[in-house]
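Please read them with the model open.

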Amino acid sequence: MEKHTSLPRKEASESSRKGLKCLSLEFLFRLLFHQLLFTSLCGPHCVYATSAVGEALGASNCHDILHGFDVYPNPTAGALGQSTDSPLTVTLPPSGWKCCCWNASNQMEEVECRCEGDGLNRVPQTLKLPIQRLTIASAGLPRLRYTGLKVYGPTLLDVTFTDCLQLELIQDGAFANLTLLRTIYITNAPKLTFLSKDVFFGISDTVEIIRIINSGLTRVPDLSHLPPHNILQMIDLDNNQITRIDTKSIKVKTAQLILANNDISYVDDSAFFGSKIAKLSLNDNQKLEHMHPNAFDGIIDITELDLSSTSLVGLPSSGLQTIEALYIQNTHTLKTIPSIYNFRNLQRAYLTHSFHCCAFQFPSRHDPQRHAKRMREIEKWREQCKSDSASRKERSTSENGFEMPEDFGSFGSPDEATTDIVPIKFASFDYMADDTLNKGTFHEKITLDPADDMSAELCGNFTFRKPNIECYPMPNDLNPCEDVMGYQWLRISVWIVVALAVVGNVAVLTVILSIRPESTPVPRFLMCHLAFADLCLGVYLLLVASIDAHSMGEYFNYAYDWQYGLGCKVAGFLTVFASHLSVFTLTVITIERWLAITQAMYLNHRIKLRPAALIMLGGWIYSMFMSSLPLFGISNYSSTSICLPMENRDIYDTVYLIAIMVCNGVAFSIIAVCYAQIYLSLGRETRQAHHNSPGELSVAKKMALLVFTNFACWSPIAFFGLTALAGYPLINVTKSKILLVFFYPLNSCADPYLYAILTSQYRQDLFTLLSKLGLCRQSALKYKDSLSGHATTRFTIHGSIQRHGSLTCKMQTVMGATETQKMLKSSEDYV
């Protein structure tokens, strides 16, 4: 024992190293034993999953991997003779990772493996199966090494990296030597902001789909190493952070290129030069306001273009001759659209504004210069086709400068050539319904027989015709192509209403504001507000009638500047403000008259000036609030050519429109009930008046006229509007426009005459004003003398009522009726 302990340190150290070496060898043999045991237990598929995933997939081969590649199967199952068909589960520490493999459900010959876990910091290298699909999910993988996928190169078809929040680098050549690779799918990798130039170096010609979505890319990756002779099914860079597309930065061949939901603000000159793209998606780039005029120059055989939900002001025309389907929906900023002659193959257009569809319908009015150029081309070819066959053959050779017209069809009569709208049928393509997998379709190649005489082909039985494009949204009477009014009689009627409304309300305001009586009665105060509201409504009609006269025959060329400019916002604000203030004031006037006539004996029941001022302040606030909501996104003044808030996009718009109609309905009901009670309070003698009592009869007729005009203006709009909001429109757009343009503002024309100009009080004030100017002095004195007697009578009656307040109820009723009739006969105040 002592001898052993007296060994030199060198020998002891050597003995320790031998011992460690033996332990290492023992560990390796034990690891190999466990691997063989695992293979015998789990079968040929090396699988990792939780029990839930294993049961869902029907997997019977599961194992767990701890901290790297050490395998720890459950040996107790085999020792106890239990079946190994159920998954073997071992709780992993937080830093562990696991793998599971199974036969793909849709392709039984393909094996799919999924590896996940925070501890996974590189692609597993021990999955020795012939794997076709590999998914790395929720891993702590910081980079994809260029050797990471090489071990699976001979069999790997699809590779996916999902929810790899730490992935920030993919090394050059990472996808090289994967001889059967068809899909690369990377999603939710926010730190992956850049891909180097040679990332796709050595990629296989079999690749079909590349999708890098929901990640942090700030620029389009270099795609020059993609197979130059193959057409990929899809290149998807959706929902990244790409800010711009530089000149000639994209050169690919793919059925679909998706650059949607990025931060692209500009597309430079010839950005897609040399690319063969069937469908290009740039939608939902909210910052995309401008594109270079030649942004699409050099793009080959594009058939679909999606620029929806962007902020584009104008659309480039170069390079879009082969477009068949154009999508520019929810792009309210788009002001102009190229001429139809720049879209030779366009079949379907889904736009934001209907007036852009008008540009396709009336090309000669939309772009007269381009249309004239086309007419000159047609005339040129018509003259050439009249030549003899020898000269046609000579012109058909390229050496002699034979050029095909840009929008070649063939030729017909002059009438056909100058016609704006001539339908023509096109061949349609069947696209898949799913937007995510909606592959673009290239044009079919047409091979011409070189032996054919080209001039004979050009001068056959064809004609130059404009295609009949399916364009949405379609124009209607509220958003017309030619005239805002649409009908000559409606245009004339509107100008008559404008003249009566403006002149009448200006006259009322001038007289009332110029005459200062000793005391300011409430009716006079209310009439000022009513006249101002109706004047605003007249100004609205004047604006609409003016734009109709200015744009007659080609409204669509002015539609954007009018509807989305300041003019339509001002007009819309005026009409909503004026209509609400007018309705509110009419209601207050009616209540004031109702109290003054039905409660004539109780002077303290009448509305005084100060409460009336507070009430009207509330009316102004209410009207301003309702008219301001469309300026802040609740409905919209720009949705129609007449600038009324008729847009119904969501629940807020619906509530707003219903609130407008309900408020008008309540106001009309109050007016109708009050005037009915006023009429009944006149007594049987007044209601049954004949020619011997014209004053009383005129009062009854005036009341009926007031109720009728209110009913005629408001009830049709409220009724048909509510039915339309309920989803059951009872009238078409044409008839609704007549209601909105003619009947809706009719009150602004009638109110100043019914409530002021036709009353004796207004005539007295008018002659008083004219007498101050040296005119109509005798008429002024006559009206003053005639009304002074009535004033004395009114004073005596009021004093009598005050002195004899203790009379019986019957006497009070008689006196009240007498007072009411006296007030109505003499037209004490306005109304």
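1. Cys358 and Cys481 are joined by a disulfide, with a sulfur-to-sulfur distance of 2.0 Å. The model is a predicted one, and the values in these notes should be read with that in mind. The torsion about the S-S bond of Cys358 and Cys481 is about -80°, so this disulfide is left-handed. Cys358 belongs to helix α5 (residues 354-361), while Cys481 sits in the loop between β20 (470-472) and α11 (488-514), so the bond ties together parts that are 123 residues apart in sequence.

2. Seven of the eight residues of α5 are buried, so the helix is described as mostly covered. The buried residues are Ser354, Phe355, His356, Cys357, Cys358, Ala359 and Phe360. What do they pack against? The buried residues of α5 pack against β19 (348-350), α6 (363-366), β20 and α13 (559-563).

3. Cys568 lies in helix α14 (residues 566-598) and Cys643 in the loop between α15 and α16 (651-681), so parts that are 75 residues apart in sequence are tied together. Cys568 counts as buried, at 0% relative accessibility. Cys643 is buried too, with a relative accessible area of 0%.

4. Another disulfide is that of Cys101 and Cys113, with the sulfur atoms 1.8 Å apart. The link of Cys101 and Cys113 is right-handed, with 110° about the S-S bond. Cys101 is in strand β3 (residues 98-103) and Cys113 in strand β4 (residues 111-117), and the two are twelve residues apart. Both Cys101 and Cys113 are buried.

5. Cys528 is buried, with a relative accessible area of 17%. Cys663 has a relative accessibility of 31% and counts as partly exposed. The two fall in separate classes because buried means under 20% and exposed over 50%, with partly exposed in between.

6. Next, a pair of helices. The axes of helix α12 (residues 522-550) and helix α15 (residues 609-628) come within 10 Å and cross at roughly 15°. That angle makes α12 roughly parallel to α15, because angles under 35 degrees count as such. The crossing of α12 with α15 is right-handed.

7. Which residues form the contact between these helices? From α12 come Val522, Phe525, Leu526, His529 and Phe532, and they meet Leu609, Ala612, Ala613, Met616 and Trp620 in α15. By class, this contact has nine nonpolar residues, one polar residue and no charged residues. On spacing, an α-helix has 3.6 residues a turn, so residues three or four places apart point the same way.

8. Ile607 can be read together with that contact. Ile607 is found in the loop between α14 and α15, and at 17% relative accessibility it counts as buried. Leaving aside neighbours within four places in sequence, Ile607 is in contact with Val522, Ile591, Glu592, Leu595 and Ala612. Among these partners, Val522 and Ala612 also take part in the contact of α12 with α15. The C-alpha atoms of Ile607 and Ile589 are separated by 10.0 Å, with the two residues 18 residues apart along the chain.

9. A last point concerns Ile277, which is found in strand β15 (residues 276-281). Ile277 counts as buried, at 0% relative accessibility. The C-alpha atoms of Ile277 and Ile302 are separated by 5.3 Å, and these residues are 25 residues apart along the chain.

Key: Residues numbered from 1 in each chain as written. Predicted model: local features only at pLDDT ≥ 70, side-chain atom pairs only at ≥ 80, totals over all residues. Heavy atoms only, no water. Axes fitted to C-alpha atoms, helices over the stretch in contact; angles between N-to-C directions. Helix = DSSP H or I, 4+ residues; strand = E, 2+ residues; numbered from the N terminus. Parallel < 35°, antiparallel > 145°, perpendicular 65-115°, else oblique. Left-handed = near helix turned anticlockwise from the far one by under 90°. Contact = heavy atoms within 4.5 Å. Nonpolar A, V, L, I, M, F, W, Y, C, P; charged D, E, K, R; others polar. Disulfide = S-S within 2.5 Å. Buried < 20%, exposed > 50% of the residue type's maximum accessible area, 1.4 Å probe, protein only.
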